[in-house]
Amino acid sequence: MSAARPPEGAHTAAEGEGTPSFAARPPEGAHTVAEGEGIPSIAARPPEGARTVAEGEGVPSIAARPPEGAHTVAEGEGIPSFAARPPEGARTVAEGEGTPVSESAMAFTPGPLVRAKDWLVRRPSAFTLLLIVALCAVVGGINPVFFQMSNLFDMARACVVVGLFALGVLIVLAAGGLDVSFTAIAALCMYAITKAVLRYAPGTPIAVILLAGAVGGALLGALNGLLVHALQTPSLIVTIGTQYLYRGLLLTFVGTSLFMNIPASMEAFGTLALIDRVSAQGTRSVLPAFVLVLAAATALTWWLLNRTLMGRAVFAIGGSLSIAQRLGYRLRTVQVFVFAYAGLLAGVAGIVHVSSNRMASPFDLHGMELDVIAAVILGGARITGGNGTVAGTLLGVVLVTLVNNVLILVGVPSTWQKVIVGSFIVLAGAFFAIRRSR
């Protein structure tokens with residue numbers, strides 16, 4: 001068998017090189033492979049002016065000439081890369097500065113309206129404060145009597161019992177629970193203690209009576225916490241049941257009659273005034289001393305939530321139960337504590353209620369649950385837990401109290417109170433939803 005004659009000048013296999021192969025003559029000036037370099041390869045001549053690979057640099061590569069003015073890579077910088085020349089006047093990045101940023105991006109600063117919006121979103125209680133200011137401005141503009149000292153003192157008086165309830169609900173909500181039995185605890189404690197003191201020890205000091213209310217409320221609240229933990233049932237379901245339980249025990253075994261006569265120490269406490277003034281028009285303005293009870297409870301609650309390990313545990317469990325348990329927080333201890341603390345404040349609130357009204361009725365305080373929970377939610381606390389502040393809660397209490405007590409000054413019927421409170425809650429919910437989406 002004969003083989004065709006290879007083209008003139010083609011490389012033929014020498015003796016012993018193996019199967020003859022014919023390779024076309026490379027273009028004039030192309031790089032050919034010397035003996036021992038391996039499989040022969042033919043590389044086309046690079047374009048004029050292109051950078052070629054010197055001996056020992058590795059696999060030969062041909063790089064096209066970069067655009068005029070482009071940044072090229074010096075020896076030792078790594079893989080060659082070409083960066084296009086930036087637009088004229090653009091700011092380039094010096095060594096170590098990171099990602100290039102244009103001057104137009106760096107020059108952008110948010111306007112005052114954007115900054116104000118961001119500030120409100122980060123502080124949900126500020127939204128409640130704006131509602132309070134707007135409501136006061138409207139009511140005071142229509143009826144200037146609203147700003148009289150006597151009316152402001154009456155507002156402070158009305159905030160005390162609601163504020164004590166709200167602080168207890170706050171700490172339960174922060175732990176991821178919900179308590180609706182606090183009014184029943186307050187009613188049972190205030191009525192049972194008032195009846196017992198009046199019958200067996202009429203001269204008992206008010207400090208002892210307040211302590212008895214706190215201990216009784218804490219015990220009933222701790223029972224709530226134990227049931228929630230033992231039954232592994234949502235706290236709302238458990239506290240609805242204990243609410244009916246406590247009310248039933250009160251009406252069945254303690255009594256249903258109205259006490260118009262209360263112990264002398266309670267009556268004196270209810271009439272004690274921090275400020276007592278009479279205006280030139282003859283209007284008397286009295287700031288009762290029992291507002292100090294709310295001040296003390298506020299300070300104690302703030303300290304517990306912000307300065308103690310228990311406060312950290314409350315927010316941790318309310319934020320994420322699984323993470324809190326991995327961190328070593330004991331769910332049972334926290335649940336019993338928060339419900340006991342809410343019960344403690346409820347028991348004290350019941351005693352204050354009897355002292356301020358100078359009468360005791362087992363049917364009092366019923367129906368306040370939604371107003372109190374609304375105040376806490378309006379103050380910025382999340383219904384799902386893990387969040388809430390004492391200052392925001394007090395602002396929510398002021399807002400709800402304003403709606404329930406001063407709208408009559410501008411001719412708004414009392415039947416519209418729930419409508420307005422509900423509207424405020426919807427607005428606050430929308431505002432907080434925007435906050436979470438950001």
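A: Gln232 is exposed, because its relative accessible area is 59% and the cut-off for exposed is over 50%. The model is predicted. Gln232 lies in the loop that joins helix H6 (206-231) to helix H7 (235-254). Look at its backbone. The phi of Gln232 is positive, about 50 degrees, although Gln232 is not a glycine.

Arg358 has 35% relative accessibility, so it counts as partly exposed. The class runs between the cut-offs of 20% and 50%.

Now step along to H13. Helix H13 spans residues 369-378, and Val376 is part of it. Nine of the ten residues of H13 are buried, so this helix is mostly covered. Among the buried ones are Glu369, Asp371, Val372, Ile373 and Leu378. After H13 comes Gly380, which has a positive phi near 105 degrees.

Val376 deserves a stop. Its relative accessible area is 0%, so it is buried. What does Val376 touch beyond residues up to four places away in sequence? The list is Ala166, Val169, Leu170, Leu173, Ala381 and Thr393. Take Leu170 from that list. Val376 and Leu170 are 206 residues apart in sequence, but their C-alpha atoms are 6.2 Å apart in space. Of the contacts between residues at least 6 apart in sequence, 68% join residues at least 24 apart.

Next, the core. The largest nonpolar core holds 97 residues. Leu164, Phe165, Val314, Val338, Val352 and Leu402 touch the most other members. Helix H4 (residues 149-174) gives this core its largest share, 16 residues. In soluble globular proteins, nonpolar side chains tend to be buried together.

Follow Val314 from that group. Setting aside neighbours within four places in sequence, Val314 is in contact with Ile171, Ala174, Ala175, Leu305, Val334 and Val338.

Which residues make the contact? From H10 come Met310, Ala313, Val314 and Ile317. From H12 come Leu331, Thr333, Val334, Phe337 and Val338. Sorted by class, eight of these residues are nonpolar, one is polar and none is charged.

Last, step back to the whole chain. It has 15 helices and two strands. Of its 438 residues, 38% are buried. The chain exposes about 25200 Å², and carbon and sulfur atoms supply 62% of that area.

To recap, Gln232 is exposed, with a relative accessible area of 59%. Arg358 is partly exposed, at 35%. Val376 is buried, at 0%.

Conventions:
Residues numbered from 1 in each chain as written. Predicted model: local features only at pLDDT ≥ 70, side-chain atom pairs only at ≥ 80, totals over all residues. Heavy atoms only, no water. Core = buried A, V, L, I, M, F, W, Y, C linked by side-chain atoms within 4.5 Å. Buried < 20%, exposed > 50% of the residue type's maximum accessible area, 1.4 Å probe, protein only. Helix = DSSP H or I, 4+ residues; strand = E, 2+ residues; numbered from the N terminus. Contact = heavy atoms within 4.5 Å. Areas by Shrake-Rupley, 256 points an atom, 1.4 Å probe, with all protein chains shown as cover. Nonpolar A, V, L, I, M, F, W, Y, C, P; charged D, E, K, R; others polar.
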